[in-house]
Amino acid sequence: MFAKLARDRFAWLVLPAGILILAVFAYPVFWLLVRSFSDPSWGLQNYETVFAKVIYLKVLWNTVAIAGATTIGALLLGFPMAYSMVHAPPLMRKLLVFVVLIPFWTSILVRTFAWMVLLQPNGLLNDMLIGIGFIETPAKFMFNRTGVLIGMIQIMLPFMVFPLFSVMTRIDHAYVQAAANLGATPVKGFLRVYLPLCLPGIVTGSMLVFIISLGYFITPALLGGRKDVMIAQLIQQQISDFGNWGLSSALAVVLLIGTGLIFAVVHKVFKVGPDARF
Amino acid sequence: MAEPILTLEAVRKVFGKFVAVDDVTLSIGRGEFLTFLGPSGSGKTTTLMMVAGFQSVSGGAMTLDGKPLDPLPAYKRDIGMVFQHYALFPHMTVAGNVAFPLEMRKLDKAQIAKKVRDVLALVGLPDHGERYPKQLSGGQQQRVALARAMVFEPRLLLMDEPLGALDKKLREHMQIEIMRLHRDMGITVLYVTHDQEEALVMSDRIAVFNEGRIEQIGAPSDLYDNPATRFVADFIGESNFIEGRVTGHNNGFAELEGAQTLRGRAEGNLSIGSAAVMAVRPERLHVNRANDGADANRVEGTVTDIVYLGQSRKFIVRVNDQTEMTALVQANVVGLESVTVGSSVSLSWRAEDSKVLGNT
Ligand SMILES: Nc1ncnc2c1ncn2[C@@H]1O[C@H](COP(=O)(O)OP(=O)(O)OP(=O)(O)O)[C@@H](O)[C@H]1O
Ligand SMILES: [Mg+2]
């Protein structure tokens, strides 16, 4: 009886956040959903456009491809980063955590402009590569897929590193020792024991990066070319240039449902969460 | 002793300035059960880790089967180990865990399946192969760890306090299991514990560790009846200590001059005039009425406490201002009915039942 009361009392604590989510998320989403079926007139025509016109499918594909490549890139860079953070001596570890956190304290816009300075034809990177004789004429690092990925991977890195870091710190060193003791070479031990134990972190980090990347806007807009338009840019363009709320709403709903689906599938396959195997 | 399989020669381990293991020399015979016994922080785990290859040695040499152990990385040593918290791989089933060392050795599938089945039956878990470690009790996990460490027939099996996490009843049961497996399989075992009872029950020989050094190494009865140092006499079983100075030494017996003159067995290395201590076990003491008792050694005192233990009684006797002695008397000993707290008694014991040790 008291427990029930306590539970009900604590339930009130969710209220402020609940109202906020209701007001700024649920209501607008509901409104988008309605609009995608009703603007300019009731019917499925907006969705037909999205899935029928090559240009929209292309943008959808771009979005998934860029988000996927960003996820893989962030994982490849983030894994060794997280590993060295876990295994560094305490002071070095603090420093590395700090380094990973720094980008959070600067705005994405500033960071993206900084990348433009570094990546432009006569920017620092090209000067350096030409200086050491690696290339002769400036390479194109901007307004193409390379630029988008460089920018996005850097911005997404912390979202990959921290879930990995938190899982890796909890892996008992005895598992690695046990693998070696049982005859596993360092490579075998890594592949058969350490990597699988990192899986929850890999899944969480990849999900975070992939899903955030799906809705990305500023970086592809500033560093990408015409072929690298992502869905968020398309939505923005349709609204601000053409006032096309119906189509934009349909695109937004597709993005939302797609994200939800991916989340559900990954959740089911990897059993992350309370019913995890280990 | 059978031919040695593992030898350690003046092995040393230093962490920074701290000497964790110093001058450890020992050898283990094939099929032997050797236990490292010692208080917390005495260097047992560190020594084991050097044998397993997880810690480098700072000095000295180790050989396995006559070949130097140092150049071999851990994964080539072919030494099984049961970790203190088992370290069962949580993402593999029980069968997967046990199969792991066999897969690393590239045995074929049918052979692996058979060996896994056999060893799981051996440790009494024939139907648990498909479970995950999380789904097993502590004692079952212990058995799986044991099965995994044995299945590849390692040259040597290391166990670091494998029963530390189990309750007393289960621990005693597993002690017997492990002894049975050791006997049946003929494996050489290097075992670590800080539980002296466990060490006495299980071991062929015990190496007593203290502050990174081996104080004494020998059979359990050897250590109990013939402790080489005060530390060993104190750590293994219970001992009474009486301090004094050596006044005579011949034929394996020494004379100790303290409050009174006492005689006990002694090694040859005691010099006349040096500080020494006599150690005598509580069960070797006879309790007599005051000024009575026919043994070679006798001290007078006052009973301060009597503890009933069912099949025996403990008499705590204050001998002088510094010394209290404990005598363990079997319940069937008669003639002590009148002895109560405050009674004057004499304690006596034979010279052969006590040992004079250097007092360092
Ligand atoms: N990696 C290390 N760095 C520094 N000191 C260490 C390290 N490992 C162990 N030591 C020290 O070496 C000493 C011996 O440790 P060890 O773990 O061998 O003791 P132990 O006999 O196994 O004790 P316990 O019964 O508590 O397990 C301890 O004082 C410990 O603090
Ligand atoms: Mg230890």
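Reader: How many helices and how many strands does chain A have?
Author: The model is a predicted one, in which local features need pLDDT of at least 70 and side-chain atom pairs count only at pLDDT 80 or more, while totals for chains, interfaces and linings use all residues. Residues are numbered from 1 along each chain as its sequence is written, chains are lettered from A and ligands numbered from 1 in the order in which they are written, and side-chain values use heavy atoms, with hydrogens and water left out. Helices are DSSP runs of H or I with at least four residues and strands are runs of E with at least two, both numbered from the N terminus. Read in this way, the elements of chain A run α-α-α-α-α-α-α-α-α-α-α-α-α, and the count is 13 helices and zero strands.

Reader: Which residues of chain A does a cis peptide bond join?
Author: Most peptide bonds are trans. The cis bond of chain A has an omega of about 0 degrees, and its proline lies in the loop between α2 (15-38) and α3 (45-52) of chain A. The two residues that it joins are Asp39(A) and Pro40(A).

Reader: What area is buried between chain B and chain A?
Author: The contact (heavy atoms within 4.5 Å) takes 24 residues from chain B and 20 residues from chain A. Buried area is the accessible area, found with a 1.4 Å probe, that two parts lose on being put together, summed over both. Tyr75(B), His91(B) and Met104(B) supply 30% of what chain B buries against chain A, more than any other three residues. Carbon and sulfur atoms give 66% of the area between the chains, which is about 2100 Å².

Reader: Which residue of chain B forms a salt bridge with Arg192(A)?
Author: A salt bridge is a side-chain nitrogen of Lys or Arg within 4 Å of a carboxyl oxygen of Asp or Glu, and the rule finds one across the interface of chain B and chain A. The closest N and O atoms of this pair are 2.9 Å apart, and the partner of Arg192(A) is Glu103(B).

Reader: Which element of chain B gives the largest share of the side that touches chain A?
Author: By class, this side has 17 nonpolar, two polar and five charged residues, where Ala, Val, Leu, Ile, Met, Phe, Trp, Tyr, Cys and Pro count as nonpolar, Asp, Glu, Lys and Arg as charged, and the others, Gly among them, as polar. Both β6 (79-82) and α2 (94-104) of chain B supply at least two residues each. The largest share, four residues, comes from α2(B).
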